[in-house]
Amino acid sequence: MVKKTVRSGIVGCGFSGSFHYHSMGRVHGVDVQCAGVYDASRERCQAFAAERGIHAFDSLEALLDAVDVVPICVTATGHEAVALAALARDRFAIVEKPLTGYFGAGSPEFNGNTC
């Protein structure tokens with residue numbers, strides 16, 4: 001049986017981006033191909049891509065046009081904007097919590113364990 005191929009592109013080149021890149025090779029049931037990476041820091045993006053032999057995209061939009069799924073590995077305050085851009089192009093967005101940069105009101109009722 002031939003596995004379905006899924007094209008993935010990572011947004012964010014920090015620790016989480018590296019973790020997601022290595023995790024792609026461990027997905028069972030589908031063939032995950034890393035189409036490349038995008039980061040707001042061009043230098044960090046190029047270094048990340050060169051180290052792994054993948055494409056460094058010049059823009060978020062270019063990456064989104066080339067993939068099926070996007071692990072969003074930017075800081076929490078950027079999760080929402082990248083996820084909305086991905087969803088607007090009908091791409092699957094993988095977002096680690098929190099979805100937005102809102103971390104609670106600091107009240108005794110909010111202890112950070114909502115999910």
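Over the ring of which residue does the charged end of arginine 52 sit, at 5.7 Å from its centre? The legends below, which describe a predicted model, take up this question in the second view.

**View 1. Overall arrangement of the protein chain, with four helices and four strands.** Read along the sequence, these elements follow the pattern β-α-β-α-α-β-α-β. Of the 115 residues in the protein chain, 34% are buried, and the accessible surface comes to about 7,200 Å², with 57% of that area belonging to carbon and sulfur atoms. Among contacts between residues at least 6 apart in sequence, 57% join residues at least 24 apart.

**View 2. Surroundings of arginine 52 and two aromatic rings.** The charged end of arginine 52 sits over the ring of tyrosine 21, 5.7 Å from the centre of that ring, and arginine 52 also lies over the face of phenylalanine 48, where the distance to the ring centre is 3.7 Å. With ring centres required to lie within 6.5 Å for a pair, the count of aromatic pairs comes to zero.

**View 3. Helix α1 (residues 15-24) and the elements that its buried residues pack against.** The buried residues of this helix are Ser16, Gly17, Ser18, His20 and Met24. They pack against the strands β1 (4-11), β2 (30-38), β3 (69-72) and β4 (92-95), as well as against helix α2 (42-52).

**View 4. The β-α-β unit formed by β3, helix α4 and β4.** Helix α4 spans residues 79-88, and the unit that it makes with β3 and β4 is right-handed. The two strands pair in the parallel sense over four bridges, and valine 70 has alanine 93, in β4, as its bridge partner.

How values were computed. Residues numbered from 1 in each chain as written. Predicted model: local features only at pLDDT ≥ 70, side-chain atom pairs only at ≥ 80, totals over all residues. Heavy atoms only, no water. Buried < 20%, exposed > 50% of the residue type's maximum accessible area, 1.4 Å probe, protein only. Contact = heavy atoms within 4.5 Å. Pairing = 2+ DSSP bridges. Right-handed = clockwise from strand over helix to strand, strands pointing away. Phe/Tyr/Trp six-rings, centres within 6.5 Å; stacked < 30°, edge-to-face > 60°. Lys NZ or Arg CZ within 6 Å of the ring centre and 35° of its normal. Areas by Shrake-Rupley, 256 points an atom, 1.4 Å probe, with all protein chains shown as cover.
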